[in-house]
Amino acid sequence: MSADPSELRAALEAALADGIRRIAGAHDVASLEEARVRVLGRKAPLSRARASLRDVTPDARKELGRLANDVSAELETALGRRVEALAAAERRERWQRERIDVTLPGDAPPVGGIHPLTRTIWRIVDIFAGLGYRVAEGPEVELSSYTFDALRIPVQHPSRAPQDTFYVAGAGEDVCLRPHTSPVQIRAMERTQPPLYVVVPGRCYRRDEQDATHLAGFTQIEALAVDEGITMADLKGTLAAFARELFGRDLDVRLRPSFFPFTEPSAEMDVQCFVCRGAGCGVCKGEGWIEVLGCGMVHPHLFEWVGYDPERYSGFALGLGVERVASLAHGVADIRAFWDDDVRFLERFGGVA
């Protein structure tokens, strides 16, 4: 039985209208795929109408076939446009979700800082450089002759005992980890004829029980001045200028008699308390003065060791512990805190070292 051409035309037009509505109503890729199957699939109204074309007359089949092709092409076009529209909408949504506002400042990473001991070393060295001194360095593993003999420290001195000094295994007591930076003074004098003005920063090692004021490994700075006509007055003037530059106050200094094998006369230098200015407080333990360093006039024995004429030249030397100066300057009660690598402690000084 032949099909009615008018009914097929109506079916094709209905398939087009229904297909356009379904495609336009798809809100995502999944629903669009479902619409494609319902509109262009084998069981879709368009497919059923195409199958009915065999039941119409040849003339009607030719006309309705072109109409079916036009409906299919229009649905394919609508489907392609909807795919592009959904893809564009997805891109916009993703860009909105993942967008980065490049006009806003970024999150700055944590910035490290210079370690407080390094800052103290640089500050002290800078002060002496301003006074005309140059930096001298030497080995941390040192010969005992430079560490003790050249500095007039006798064999029976307690500091030479293995209980006090780290000696290198296999070398007997001829090689040690230097307990002070004074050997660099000897090496500097051996290399240079007077006048000589050097400042010596460096690490030192002693067999000390570690506590709030002692470390087995610590940092020292020494200074040496050798020239004609140097006196204790030059030493005190240098110390006064150094203390006032370091602590930033118009502070007085005093020298107390002491003893060091390599200086004669020898003294301990105290600086007027930079907190109470001599009135007495917790920092200076009520004394009004703070012990800072040891110093003295270079003993002629050292000049004879390096070949200087002790009748022509004189000089002074001084040495201080960097950890002690840093603890005084920053109010740190336990010098071990400088080496604990506690970020919370280091952040007090402007960044993490």
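Helices here are DSSP runs of H or I with at least four residues, strands are DSSP runs of E with at least two, and both are numbered from the N terminus. The model is predicted: local features need pLDDT of at least 70, side-chain atom pairs count only at pLDDT 80 or more, and totals for chains, interfaces and linings use all residues. Residues are numbered from 1 along each chain as its sequence is written, and side-chain values use heavy atoms, with hydrogens and water left out.

**View A. Val 102 sits in the loop between H4 and H5.**
Val 102 has a relative accessibility of 74%, so it counts as exposed. The classes are buried under 20% relative accessible area, exposed over 50% and partly exposed in between, with a 1.4 Å probe and protein chains only. Tyr 167 is 65 residues from Val 102 along the chain. The C-alpha atoms of these two residues are separated by 60 Å.

**View B. Helix H1 (residues 5-25) packs against helix H4 (residues 58-98), with axes that come within 10 Å.**
Axes are lines fitted to C-alpha atoms, for helices over the stretch in contact, and angles run from 0 to 180 degrees between N-to-C directions. The H1 and H4 axes cross at roughly 0 degrees. H1 is therefore roughly parallel to H4. The angle classes are roughly parallel under 35 degrees, roughly antiparallel over 145, roughly perpendicular from 65 to 115, and oblique for the rest. Contact means heavy atoms within 4.5 Å. On the H1 side, the contact residues include Leu 8, Leu 12, Leu 16, Ile 20 and Ile 23. Their partners in H4 include Leu 64, Leu 67, Val 71, Leu 75 and Leu 79. An α-helix has 3.6 residues a turn, so residues three or four places apart point the same way. By class, the contact of H1 with H4 holds 16 nonpolar, 1 polar and 4 charged residues. Ala, Val, Leu, Ile, Met, Phe, Trp, Tyr, Cys and Pro count as nonpolar, Asp, Glu, Lys and Arg as charged, and the others, Gly among them, as polar.

**View C. Helix H5 (residues 116-130) crosses H10 at roughly 100 degrees.**
The two axes come within 9 Å. H5 is therefore roughly perpendicular to H10. H5 contributes Leu 117, Thr 120, Ile 121 and Ile 124. H10 contributes Val 322, Glu 323, Val 325 and Ala 326. The contact of H5 with H10 divides into 6 nonpolar, 1 polar and 1 charged residue.

**View D. H7 is mostly covered, with 7 of its 10 residues buried.**
The buried residues are Ser 182, Pro 183, Val 184, Gln 185, Ile 186, Ala 188 and Met 189. Their cover includes the strands S2 (141-143), S4, S5 (217-227) and S9 (314-321). Helices H6 and H9 also belong to that cover. Glu 304 lies in H9 (residues 300-306). At 54% relative accessibility, Glu 304 counts as exposed.

**View E. Aromatic rings pair at 9 places in the whole structure.**
Rings of Phe, Tyr and Trp (its six-membered ring) pair if their centres lie within 6.5 Å; planes under 30 degrees apart count as stacked, over 60 as edge-to-face and the rest as tilted. Phe 260 and Phe 262 form a stacked pair, 6.1 Å centre to centre with 20 degrees between the planes. Elsewhere, ring pairs link Phe 128, Tyr 133, Tyr 197 and Phe 242 into a cluster.

**View F. Two arginines sit over aromatic rings, Arg 187 over Tyr 146 and Arg 203 over Trp 339.**
A charge counts as over a ring if NZ of Lys or CZ of Arg is within 6 Å of the ring centre and within 35 degrees of the ring normal. Arg 187 lies 4.1 Å from the ring centre of Tyr 146. The charged end of Arg 203 is 4.5 Å from the ring centre of Trp 339.

**View G. Cis peptide bonds join Pro 194 to Pro 195 and Glu 264 to Pro 265.**
Omega is about 5 degrees between Pro 194 and Pro 195. Pro 195 lies in the loop between helix H7 (182-191) and strand S4 (196-205). Omega is about 0 degrees between Glu 264 and Pro 265. Pro 265 belongs to strand S7 (residues 263-272).

**View H. Arg 152 and Asp 341 have positive phi without being glycines.**
For Arg 152, phi is about 65 degrees. Arg 152 lies in the loop between helix H6 (144-147) and strand S3 (175-177). Its relative accessibility is 37%, so Arg 152 counts as partly exposed. For Asp 341, phi is about 60 degrees. Asp 341 is in the loop between helix H10 (322-330) and helix H11 (343-346). Asp 341 is exposed, at 59% relative accessible area.
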